[in-house]
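Thanks for coming. Please have a look at the sequence and the model on the screen before I start.

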Amino acid sequence: PIAPGQILSIFGVNIGPEAALGAQFDELGRLARRLGPTRVLFNGMPAPLVFAAKNQVSVIAPFFLAELNMVRIEVEVDGAASLPVEVEVAASTPAVFTLSQTGSGQAAVLHQDFSVNGPNHPASGGDAIQIYLTGGGQTAPPGVDGEVTPLRQPFPTLRAPTTVRIGGAAAQVLYAGAAPGLLAGVNQINV
């Protein structure tokens with residue numbers, strides 16, 4: 001399943017522009033819902049795009065999915081829509097970012113001083129760390145599609161209960177919500 005605000009990558013043939021396009025922002029400072037000829041539709045509504053290339057599109061699932069159990073997704077290129085795909089919606093489907101940006105390997109975890117946590121620079125018991133992920137689901141207040149999370153408090157917090165285990169032991173969750181200064185849909189958990 002997918003969750004509201006989750007960053008997704010869709011792969012296909014000729015689903016985007018020949019030359020890759022990165023994120024673009026509209027007049028409201030939110031992610032554009034079209035990159036070149038490409039849009040991604042959730043139940044017919046265009047969603048914010050992070051990236052579009054010939055065979056890959058990255059999109060942020062709209063926050064209105066919090067009210068649904070299923071959603072129909074279509075990729076539209078030059079006004080022509082793909083066959084729809086029906087996808088289950090869940091309250092949350094957490095996926096931790098990795099340093100390799102492949103979904104495997106070392107997790108994207110930072111120390112309190114923003115240095116990278118890892119085998120050569122591990123956290124010690126009692127240290128606070130920051131874990132970055134997507135798929136945390138709807139926030140309170142509700143997330144705004146394509147918006148950048150403000151750098152001022154209060155920050156939107158995750159509605160879904162959040163627990164973290166490190167080495168099999170429960171960690172104290174200090175914060176679970178939107179990552180300040182990053183796109184709505186990028187979540188930060190401080191433990």
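This is a predicted model: local features need pLDDT of at least 70, side-chain atom pairs count only at pLDDT 80 or more; totals for chains, interfaces and linings use all residues.

Let's start with the backbone. The peptide bond from A140 to P141 is cis, with omega near 0 degrees. Where does P141 sit? P141 is in the loop between β13, residues 139-140, and β14, residues 157-158. There is also a cis peptide bond between Q153 and P154, again with omega about 0 degrees. P154 belongs to the loop between β13 and β14.

Next, phi angles. N43 is not a glycine, yet its phi is positive, about 50 degrees. You will find N43 in the loop between β3 (38-42) and β4 (45-46). F114, also not a glycine, has a positive phi of about 75 degrees. The loop that holds F114 runs between β11 (109-111) and β12 (129-134).

Are these two buried or exposed? N43 has a relative accessible area of 31%, so it counts as partly exposed. For F114 the value is 57%, so F114 counts as exposed, since the cut-off for exposed is over 50%.

Now the strand, β18, which covers residues 187-190. N187 and I189 point one way from β18, while Q188 and N190 point the other way. Buried or exposed? All four are buried.

Which strands does β18 pair with? One of them is β12, which runs antiparallel to β18 and is joined to it by 4 bridges. Within that pairing, L133 stands opposite N187. Strand β17, residues 175-178, also pairs with β18 in the antiparallel sense, over 4 bridges. There, Y175 has N190 as its bridge partner.

Last, the pockets. The largest has a volume of about 410 Å³. Its lining has 14 residues, and F97, T98, Q101, T102 and G103 lie nearest the centre. β10 (95-96), β11 and β12 each supply at least two residues of that lining. By type, the lining divides into 8 nonpolar, 6 polar and no charged residues.

The second largest pocket holds about 290 Å³. It is lined by 14 residues, with G126, D127, I166, A171 and V191 nearest its centre. Which strand gives the most to this lining? That is β16, residues 169-171, with 3 residues. Here the division is 9 nonpolar, 4 polar and 1 charged.

That is where I stop.

Terms used: Residues are numbered from 1 along each chain as its sequence is written. Side-chain values use heavy atoms; hydrogens and water are left out. Buried means under 20% relative accessible area, exposed over 50%, partly exposed in between (1.4 Å probe, protein chains only). Two strands pair if DSSP finds at least two bridges between them. On a 1 Å grid over the protein atoms alone, a cavity is a set of points where a 1.4 Å probe fits but cannot get out, and a pocket is an open set with protein on both sides within 12 Å along at least five of seven lines; lining residues have an atom within 4 Å of a point. Grid points are joined across faces, edges and corners, and a volume is the space filled by probe spheres set on the points. Ala, Val, Leu, Ile, Met, Phe, Trp, Tyr, Cys and Pro count as nonpolar, Asp, Glu, Lys and Arg as charged, and the others, Gly among them, as polar.
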